[in-house]
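Here is a short briefing for a first look. Start with the sequence and the 3D view, then read on.

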Amino acid sequence: MTTSTDSDLLSITLAQGRRKLLSGETSSQQLTQTFLDRIAATDDQVKAFVTVTAEAALEQATQADNLLSSGDATAPLTGLPIGLKDVLMTRGVRTTAGSRMLDSLIPPYDATVVSRLRDAGAISLGKLNMDEFAMGSSTEHSAWFPTANPWDLERVPGGSSGGSAAAVAAQQCIATLGSDTGGSIRQPASFCGVVGLKPTYGRVSRYGLIAFASSLDQIGPFTHTVEDAALLLQAIAGPDPLDSTCYDEPVPDFSEQLDRGLDGLRVAAPQEFFGDGMDEDVGSTVETALDLLAANGAIIDRTPSMPSVPMALPVYYILAPSECSANLARFDGVKYGYGARGGESMWADMEATRQHGFGREVKRRILLGAYALSAGYYDAYYLQAQKVRTLIRREFDRVFAEHDVIVAPTAPTVAFKQGEITDPYQMYLNDIFTIPANIAGLPAISVPGGFGEGGMPVGLQFVGQRLDEPTLLQVANAYEQLAQWPTAPPGSVGST
Amino acid sequence: MSDAESTQFSSEQVRHLASLVRIELTDSEVEEFRSELASILSHIDALSEIDTTGVPPTNNGADLLNIKDDDASRPAMPRDQILANAPQREDEYFRVHAVLDQS
């Protein structure tokens, strides 16, 4: 039996880790300690974690090793260390959603995905930084601190799940969970050069996900490989009596189709995803990726047109703020979290609570949502946005009548410098290519697609049909196997 | 819908919106949000040009309606754990400012 050194372990995948644990090549305690040491060595620079739960993780690792040595480690992720976006409720572990409003919240229950990962045997190393209440595209809107991009510490990791993406790229966890309302998994995955999957809306329970925009929010994995994304999705997917928007459909085996290749697969590349706003380096990188797909059996069709897709961004910036203004009404300073006291009335205390508890971006979106929903504007903004949402869904349906997947860039640029984008609408433009999948409720994945300006990663996005993650993962896996891009920066973050 | 160029906010409008959502704003915040909201809406106003005659609204990310739960009792979360997160509690209650006029 060979044993693994710590540096071998940092680059492993969930699938490899499973094999090494079952063969006795490593132990969960060694694995967990290796990643905790890595966090200690690198997180001063990366700042991916809001909370590290070292003690609990090592305790769980001891239990996992007992199961492994007695041959009872049937749970598929037994002993494998992962991380959780700080928007997921974790029983007994501080959960902040990146907001001063929840500075001291210790949840009395677990999110469904958290209890499912525990049932699957995974070990949580802690909670990962994010834009406040998942509103943002750079993780600069965290109330605590910005997270850095492991490929270039002066750049942002993307957002809102920036901590979850950076932790995988910096090899602080084997995999992590994030949430995606308009691109918050895929855009940071693109910026940090890792795999990020947003499942079909309703595939994964949202119970215990602190709500931002309930008709758009979906939880999904960050990993080094598509195979790992399939494994992690397998562990968290499926109906949940605690979420009435979760599909009551049988969950397929997400790994079964992975190796079927590209032969004859019909890939649409609609014009609207390759137009205005995309940087040249991203465009040429994506073109090279399309050539590689075509050379290996995929049928690339550039003719589909989706004229309503450019409207997805305005639709999003009506619907998401509207839903957020309702969802965030619960933060009243009475039941949990921050509560100002000493005002002249209950209302004064509540207004002060929300003044000091929320950051700028969150307040801006609540105000925008209140405007779109207010008397006299409701039909023109909110209802019109819902109708255009229908048009966008129909256009996706039309394309999927004749194609298996859609391919597009994930983000229009590579990761930008911290502090570079100050105009809110410029920041929103980061999500022009990711928002359409949320609007239509479709599964979508970002996989590393090469490198652009400054040697920064460029993500390639695939969008699949509703509930057809198996085909989506098949195409993404085939591309990954052909391209073989690295998913962590050369020369480790901690050693530079 | 008003056309893009005319999307303007007065300070009073911003203060009114803030009062609807119970957020106190400083004077400088009012000014910043006034111009930022106008700018964001000028981009969003393109929506009004889309013909949606006869198009039904989509209000749900999936196509799901009314999933029903069994009408069975089950244990609730322990009261102490819930109250433990209250900014201010008194015995088994959330403590807040007096709501009703005490005079």
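Helix H3 of chain A buries a series of its residues: A:Ser28, A:Gln30, A:Leu31, A:Thr32, A:Thr34, A:Phe35, A:Leu36, A:Arg38, A:Ile39, A:Thr42, A:Asp43 and A:Val46. The model is predicted.

- H3(A) spans residues 28–46 and has a kink of about 40 degrees.
- The kink is centred on A:Ala40.
- Buried residues of H3(A) include A:Arg38 and A:Ile39.
- Just after H3(A) comes A:Lys47, with a positive phi of about 55 degrees.

- Strand E3 of chain A covers residues 123–128. It is mostly covered, with 6 of its 6 residues buried.
- Strand E1 (residues 49–52) of chain A pairs with E3(A) in the antiparallel sense, over 3 bridges.
- One bridge takes A:Phe49 to its partner A:Leu128 in E3(A).
- Strand E2 (residues 81–85) of chain A runs parallel to E3(A), and 4 bridges join them.
- A:Leu84 has A:Lys127 of E3(A) as its bridge partner.
- From E2(A), the chain crosses through helix H5 (residues 112–119) of chain A to E3(A). This β-α-β crossover is right-handed.

**The loop residue A:Ser137**
- Where does A:Ser137 sit? It is in the loop between E3 and helix H6 (162–169) of chain A.
- A:Ser137 counts as buried because 28 other C-beta atoms lie within 10 Å, and the cut-off is 20 or more.
- A:Ser160 is 23 residues away from A:Ser137 in sequence, yet the two are 5.1 Å apart in space, C-alpha to C-alpha.
- Leaving aside residues up to four places away in sequence, A:Ser137 touches A:Gly158, A:Gly159, A:Gln187, A:Met427, A:Asn430 and A:Asp431.

**Where chain A meets chain B**
- In the contact between the chains, 58 residues of chain A meet 44 residues of chain B.
- On the chain A side, the elements giving two or more residues are helices H10 (312–327), H11 (346–357), H12 (360–373), H13 (379–400) and H14 (424–428).
- Which element gives the most to this side? H13(A) does, with 11 residues.
- By class, the side of chain A that touches chain B has 33 nonpolar, 14 polar and 11 charged residues.

Terms used
Residues are numbered from 1 along each chain as its sequence is written. Chains are lettered from A and ligands numbered from 1 in the order in which they are written. This is a predicted model: local features need pLDDT of at least 70, side-chain atom pairs count only at pLDDT 80 or more; totals for chains, interfaces and linings use all residues. Two residues are in contact if their C-beta atoms, placed from the backbone, lie within 7 Å. Ala, Val, Leu, Ile, Met, Phe, Trp, Tyr, Cys and Pro count as nonpolar, Asp, Glu, Lys and Arg as charged, and the others, Gly among them, as polar. A residue is buried if 20 or more other C-beta atoms lie within 10 Å of its own, exposed if 12 or fewer, and partly exposed in between; C-beta atoms are placed from the backbone. Two strands pair if DSSP finds at least two bridges between them. A crossover is right-handed if, with the strands pointing away from the viewer, the path from the first strand over the helix to the second runs clockwise. The bend at a residue is the angle between axes fitted to the seven residues ending there and the seven starting there.
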